[in-house]
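Thanks for coming. Please keep the structure open while I talk.

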Amino acid sequence: MLHSMVEHPMVEHPMVDPQTVRRIIVVVAGSAGAVVAARLSEQPDFHVTLLEAGPDHRSAETPPEIAGSSFVAAMALPDRHWPGLQAVRSPGQAPRAYVRGRGVGGSSAINAMVAMPGHRSDYDGWERDHGCDGWGWDDVAPWFERTSLVLHRAPRSEWGRVNVALAGAEPAAIGGVDLTRSAAGARVSVNDAYLEPARGRANLVVRGDALVDRVLLDGRVARGVRLASGEELEADLVIVSAGAIHSPAILLRSRVDAAGIGANLHDHPSFPIAITLGESPTPTPAALPIATVARLSSPFETDDVQLVPIDGIDRSAPRLGLLMAALMRSKSRGSVRLAGDDPTVDPIVEFGMFTDERDWRPMSAAIDAAERVLEHRSFALLGAVSDYDRSHDGVRAALGDYVHAAGTCAMGTVVDPACRVIGYDGLMVCDASVMPEAPRANLHLPTVMVAERVAAFTVDRLRDR
């Protein structure tokens, strides 16, 4: 699925009666919020304010680490993720850093750029099992083609040695994956694809360094937001798009009384196997870490395993590579809870991975698949595989994630299928937190699809009103 850049002509807005303007606040400018704000601002009688906790900048001012190919370099920028955010992946683990994008573009500005829609049955399951009417595969599939994202695959000349080895060992990896980048290799975040073409509109205001404390409620009606600075902004509609970690935190601070906020937290569990690469060539800090992914099926479900090769994962150890075995469907669930009412204090994040025993057998199958490819001659020529422990205790100790947090404001529980908070007026959530179950895919592209659809629903509903 290869897309070209979508042209966004400057929208000429006619004169609008100020009495009919609908004031909309969107929090924040990440993979969902930037999309929603850009789409809603296409309507001349909607005044949209997009609030971003981190820095704002035009596309031309994007730091080179973000514009480049390496998510490792992008994540190293201290002001582009939440520096104190930590999470416990599995019970017994110590809390470790959990990277979430901060600044315009959100996580789309620092992720691995892998773009895939997921499996048909993921979305059919949303509709069948979680009451998400209108979210089956036949409903969502056309919207993946309507996004303004730019997708290209990396030429083989850019593939690192671990990526080349996986392609040689596993036929399912040959061909690479779509990446959210231009033909020239530059990252295309939602700031580039959505906000930049919309910034000339008089009815769109983008404010950086605007940390939202809470939604202001009049009973069960949202009336605006309060920033951490104490400033209050009025609105007719508030759309919280702060991601699966911070969206529930904002709702909890706001005292939103809806069952399930912060529950159902999950991610794609991963087990890393380190490889010490042989002598030159050594990956450069700007090299592309991930160019291909092997999508496999365990004996228990279709397409529920990924093998992910990573080159240049640690800039202090340039000869370190990784092969990750990841479980794309898990039953275990965790939660996001407040550590306190201070918006500058990160919430308590506990994923509860492998608290459901049903996850052990498919994860074991994922590690089996990794071991099979590591025995291939392409890996034998690559370098030395480090020792690892695949016992239950060993997997728990080393367990990682994909930074694909989802589910904490789920459709069917916290929000309805239009992503309106159940029991409230003027309050919506739109981001990966509304996904009742994460699809078998990297979540950026599905999140953009959700945002495109929710924006369209919202325009239609406000027009009807």
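We start with a definition: on a 1 Å grid over the protein atoms alone, a cavity is a set of points where a 1.4 Å probe fits but cannot get out, and lining residues have an atom within 4 Å of a point. Grid points are joined across faces, edges and corners, and a volume is the space filled by probe spheres set on the points.

This is a predicted model, where local features need pLDDT of at least 70 and side-chain atom pairs count only at pLDDT 80 or more, while totals for chains, interfaces and linings use all residues. Residues are numbered from 1 along each chain as its sequence is written, and side-chain values use heavy atoms, with hydrogens and water left out.

How many cavities of 30 Å³ or more are there? There are two. The largest cavity has a volume of about 40 Å³. Its lining includes His-266, Asp-267, His-268 and Pro-269, and also Leu-327, Met-328, Arg-329 and Ser-330. Glu-437 and Ala-438 line this cavity too. By class, that lining has four nonpolar, three polar and three charged residues. Here Ala, Val, Leu, Ile, Met, Phe, Trp, Tyr, Cys and Pro count as nonpolar, Asp, Glu, Lys and Arg as charged, and the others, Gly among them, as polar.

The second largest cavity has a volume of about 30 Å³. Among the residues that line it are His-57, Arg-80 and Asp-192. The classes here are three nonpolar, four polar and two charged.

Now the sheet. Helices (H or I, at least four residues) and strands (E, at least two) are DSSP runs, numbered from the N terminus, and two strands pair if DSSP finds at least two bridges between them. Five strands form an open, antiparallel sheet in the order 11-12-13-10-16. At its edges are strand 11 (294-296) and strand 16 (383-385), each pairing on one side only. Inside the sheet, strand 12 (residues 305-310) and strand 13 (residues 320-327) are joined by six bridges. One of the bridge pairs is Gln-306 with Ala-326 of strand 13.

Last, the whole chain. In total there are twelve helices and 17 strands. The radius of gyration, taken over C-alpha atoms, is set against the globule rule, 2.2 Å times the number of residues to the power 0.38. The chain has 21 Å, close to the 23 Å that the rule gives for 465 residues, so it is as compact as a globular protein of that length. Along its principal axes the C-alpha trace spans about 70 × 45 × 40 Å.

How values were computed
1 Å grid on protein atoms, 1.4 Å probe; cavity = no way out; pocket = protein on both sides within 12 Å on 5 of 7 lines; lining within 4 Å.
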